Amino acid sequence: MNVQKLIFLILALGFLSCKNQKAESVNQTVGEEVKIEYASGFSITEFENYSLLKVNTPWPEAEKPFVYLLYSEKSKIPENIQYDQKVQVPVESIVVTSTTHIPALEALNEENSLAGFPGLDYISSEKTRKIIKSGNISELGQNENINTEVLIDLAPELVIGFAINGSNSSLETIQKTGIPVMYNGDWTENSPLGKAEWIKFFGALFSKKELAASIFEDIKTEYLNAKDLAGKADETPSVIAGSMFRDNWYMPYGNSWQAQFFEDANSNYLYSDTRGEGSLSLAFESVLEKAEDADFWVSSGQFTSYEELISESEHYNRFRSVRNENVYSVSLSKGETGGIIYYELGPQRPDLVLKDLITIFHPGLLKDHEPVFFKPLN
């Protein structure tokens, strides 16, 4: 990378930072809270000339929140205000680091603002893939080891990162160059609508608050209407989830966002009484004893056919859901380069996830819905 260019970039950003600080000479006023209904991980407070976006849970058990100051070019900011990072909005050039961020950019018509991404093959959306093919989005390597030289050379106005803990050397290196880094904690939410509401986080960055609120309202309405419809079904089928990995069966805890889908689809998730973070880990024999007669098995790992399933272990045939061919997986819905669409779009569109499950558990209730994520094994 051109060292002179890097030095110039750092000096220029420092100059702009100093220039903005000189204008900070007004008193802080009382702000107005942006309506956040389901998400617990962030809040937005709007003031006359700026906003404060607080990320409460950037990762599980984080010791403190992160406060981000969002300001426009002519903002006058109070001298005594406390924040971790400041970002000029609307952002015009951005780097995101999770495929779950892509649907929000597209919904806000900001996919062309995406300058780079770590692992372009994981992106499934046809709209963003067209931009990738045109060469307008740069490959940044792997999320755990971002190519910081390429990213710095891109000079995006903002990088959106995520972390499982407080240690991320790549993001720390990027921030030291003067490029703002913000943590997005949408993945820590425990409710489907809570995850989807993080589109308001991106709406604030692109100065599209009203559009973000409108998009979320439509998703919420569709979700709640589907939930009400499922509640009218005559039967409540039993369900198991997850799959085997090595010697253990991993499945969602009963207080997870995945389990919330099962409840809202009017099904009986057999592990709904469990509580915890991450995934519940059980021995195969334990799952067989409890769930041998479950009506459905949903999200069956990497398997796409019954042949693959049985070749892995003939013991799967002991489950009634397998014998009756009532096994459904997200692995059959993939993008052009092999990315699983559910992991990208599912968190932003819980209404579609719920409708998929209702179609599986209660055939006939949603006659016009074509499954998006969950498909029966071949």
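**Strands, rings and a buried histidine**

Colleague: Which residue is the bridge partner of Val55 in β4?
Modeller: The partner of Val55 is Phe66 in β4. This is a predicted model, in which local features need pLDDT of at least 70 and side-chain atom pairs count only at pLDDT 80 or more, while totals for chains, interfaces and linings use all residues. Residues are numbered from 1 along each chain as its sequence is written, and side-chain values use heavy atoms, with hydrogens and water left out.

Colleague: How many bridges join β3 to β4, and are they parallel or antiparallel?
Modeller: There are six bridges between β3 and strand β4 (residues 66-71), and the two run antiparallel. Strands here are DSSP runs of E with at least two residues, helices are runs of H or I with at least four, and both are numbered from the N terminus. Two strands count as paired if DSSP finds at least two bridges between them.

Colleague: And what joins β2 to β3?
Modeller: A hairpin of three residues connects β2 to β3. Strand β2 (residues 42-46) runs antiparallel to β3, with five bridges joining them.

Colleague: Why is β3 largely enclosed?
Modeller: Five of the six residues in β3 (residues 50-55) are buried, so the rest of the structure largely encloses this strand. Buried means under 20% relative accessible area, exposed over 50%, and partly exposed in between, using a 1.4 Å probe and protein chains only.

Colleague: Changing topic: how many aromatic pairs are found in the whole structure?
Modeller: The search finds 31 aromatic pairs. Rings of Phe, Tyr and Trp (its six-membered ring) pair if their centres lie within 6.5 Å; planes under 30 degrees apart are called stacked, over 60 edge-to-face, and the rest tilted.

Colleague: What about Trp249 and Phe284?
Modeller: Trp249 and Phe284 form a tilted pair, at 6.3 Å centre to centre with 35° between the planes. Trp249 is in strand β15 (residues 248-252) and Phe284 in helix α10 (residues 284-291), so the pair links distant parts of the chain, 35 residues apart. Trp249 and Phe284 are buried.

Colleague: How far apart are the ring centres of Trp249 and Phe319?
Modeller: Their centres are 5.5 Å apart and their planes at 50°, so this pair is tilted. Phe319 lies in the loop between α11 (306-312) and α12 (320-323) and Trp249 in β15, so the pair ties together parts that are 70 residues apart in sequence. Phe319 is buried, as is Trp249.

Colleague: Which residues do ring pairs link into a cluster?
Modeller: The cluster consists of Tyr223, Trp257, Phe261, Tyr342, Tyr343, Phe373 and Phe374. Lys195 lies over the face of Trp257, 4.8 Å from the ring centre. A charge sits over a ring if NZ of Lys or CZ of Arg is within 6 Å of the ring centre and within 35 degrees of the ring normal. Lys86 lies over the face of Tyr71, at 5.6 Å from the ring centre.

Colleague: Is His362 buried or exposed?
Modeller: His362 is buried, with a relative accessible area of 6%. His362 sits in the loop between α14 (350-361) and β20 (375-376). Beyond its neighbours within four places in sequence, His362 is in contact (heavy atoms within 4.5 Å) with Ala230, Ala233, Glu235, Pro237, Ala265 and Asn266.

Colleague: In what order do the five strands of the open sheet stand?
Modeller: The order is β16-β13-β18-β19-β20, with mixed pairing. β16 (268-269) and β20 are at the edges with a single partner strand each, so one side of each has no neighbour in the sheet.
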